[in-house]
Amino acid sequence: NVRALTLMEHIQYTIVALPYRPTVEQQKTAQFAAVSSLLGPQLGPAVRLLPMPQLKVGTLDSLIEASDDLGRLDAILEAVSFRLCTIVEEVAGVPRAVAATIRQTGSAHGTPCDHVLKEIAWNTTTYDPSESIPSLCRKFGQVAQAAEERTRGILTEYAETKNKLANAQRKFAGNLSMKPIKEPVDAWCKSLGIPKPWDTDFFTTMFIAIPTGDPLQRWQTSYASINDFVVPQSSYVLAADKEYTLVTLVCFKKVVEDVKTHCRRNKFFIREYAHTDDISVADFEALQVKAKQEREKLAVLLSQQFSHCFTAWVHVKVARVFVEAHLKFGAAAHFVPVMLAVDDKREVEIRSRLDAAYKEILYTFAIHSEAGTSHGGDGGALVVDAPYVCLKVGNILKLR
């Protein structure tokens, strides 16, 4: 509902790696219980112990390189995820909360993104923790690249059908100076028992849209005098609407340009039947059905690409916190990974409580402990200059 959606829009998800408190039992569950207690009864329930796999740490140099790569991939996958979610919202014509749903291939139902974050879990099948971090980074990058390429392809294909439909709709919505003339011309030919309008080496049939009223009356009494090579009694009414009447005219081919000049001077519209791309009503209806089917298919494909990207993005966040925690606390350090989900207005309160609770804990930080350090060019989303590692997850429900 609207109220629930409004509340979710203001939720800030943050992954935090907290060092072990020496005065608490050196077990992750005990340390997590201490964190919940420190935050108090109002904020404690918003904290969840985050299942974090033990990735292959490697050397210090490889961790520093992974820190840069993951920061870059974080920004890329975030941008792609937000863009895909917006496109799904527009194409499918659904609210943002519905567009921001993780759907598995072949599944009719999905899982809201906020639930994915609340119940975050590492997919060991897709992203094997036994692989090296550089290998995982390549997989994350491939997801973003594949999504960009596939999205570009399916959007281009759909755009062609959409443009055809838009052009057809404009024509059908207009008057006889622009709307399709295929059906009235074909019906006229059928009534005469001929397969197509009369056209020989010397003669041709022209179709002209004339404003209804006085111009039409003047046409009917004077068209034969336009040129000596216009065939008398060759003008028939094929169709009419409130603004224009479609008529025929047979003349020698050598005077076609003279007839066109006369029509332009009198604001008559020549309808080029032989070169038209008109479609029939049946074809138009078929195009509408095709566009609807392609739109539904497109929405599903885009939703799947969004699901792949969002899932990869969340995994990048987890891997990034893992790497930064090891750089901050040391390769053999113990830390408590937690997910915070609270109103964004309370972020300052949470940070101040964590600062107060952990500022007395002394660690020999490996690197990245300098004040003000932040990586990946993500506008402060990653914080490592505090007694802990803190990484924000952008709320997908917020428009950009």
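These notes walk through the structure point by point.

1. **What kind of model this is.** The model is predicted, so to speak of a local feature a pLDDT of at least 70 is needed, and side-chain atom pairs count only at pLDDT 80 or more, while totals for chains, interfaces and linings use all residues. Residues are numbered from 1 along each chain as its sequence is written, and side-chain values use heavy atoms, with hydrogens and water left out.

2. **The overall picture.** The protein has 11 helices and 11 strands; helices (H or I, at least four residues) and strands (E, at least two) are DSSP runs, numbered from the N terminus. Of its 400 residues, 46% count as buried. Here buried means under 20% relative accessible area, exposed means over 50%, and partly exposed is in between, with a 1.4 Å probe and protein chains only. Among the contacts with a separation of 6 or more, 78% come from residues 24 or more positions apart; a contact means heavy atoms within 4.5 Å.

3. **Helices α3 and α10.** Axes are lines fitted to C-alpha atoms, for helices over the stretch in contact, and angles run from 0 to 180 degrees between N-to-C directions. The crossing of α3 and α10 is left-handed, a term for a near helix turned anticlockwise from the far one by less than a right angle, with right-handed used if the turn is clockwise. The contact of α3 with α10 has 27 nonpolar, six polar and seven charged residues. In this count Ala, Val, Leu, Ile, Met, Phe, Trp, Tyr, Cys and Pro are nonpolar, Asp, Glu, Lys and Arg are charged, and the others, Gly among them, are polar.

4. **Helix α6 with α10.** Helix α6 (residues 133-173) packs with α10 at an angle of about 160°, and their axes are 9 Å apart. That makes α6 roughly antiparallel to α10. This crossing of α6 and α10 is left-handed, and the residues of their contact divide into 23 nonpolar, seven polar and six charged.

5. **Helix α3 with α6.** The axes of α3 and α6 are 10 Å apart, at an angle of about 25°, which makes α3 roughly parallel to α6. The crossing of α3 and α6 is left-handed. Residues of α3 including Leu63, Leu70, Leu77 and Leu84 meet residues of α6, among them Ile133, Phe140, Ala147 and Leu155. By class, the contact of α3 with α6 has 15 nonpolar, two polar and three charged residues.

6. **Aromatic pairs.** The whole structure holds 14 aromatic pairs. Rings of Phe, Tyr and Trp (its six-membered ring) pair if their centres lie within 6.5 Å; planes under 30 degrees apart count as stacked, over 60 as edge-to-face and the rest as tilted. One of the pairs is Phe82 with Trp313, edge-to-face at 6.1 Å centre to centre and 75° between the planes. Phe82 lies in helix α3 and Trp313 in helix α10, so this pair ties together parts that are 231 residues apart in sequence. Both Phe82 and Trp313 are buried. Ring pairs also link Phe82, Phe306, Phe310 and Trp313 into a cluster.

7. **Glu183 and Val281.** Glu183 sits in helix α7 (residues 182-192) and counts as partly exposed, at 39% relative accessibility. Leaving aside residues up to four places away in sequence, Glu183 touches Ser280, Val281 and Ala282. The C-alpha atoms of Glu183 and Val281 are separated by 8.0 Å, although these residues are 98 apart along the chain.

8. **Two loop residues to look at.** Gln233 is not a glycine, yet has a positive phi of about 55°. Gln233 lies in the loop between α8 (214-222) and β6 (237-240) and is exposed, with a relative accessible area of 69%. Lys267, not a glycine either, has a positive phi of about 60°. Lys267 is placed in the loop between α9 (256-265) and β8 (269-271), and is exposed at a relative accessible area of 66%.

Notes: Angles under 35 degrees count as roughly parallel, over 145 as roughly antiparallel, 65 to 115 as roughly perpendicular and the rest as oblique.
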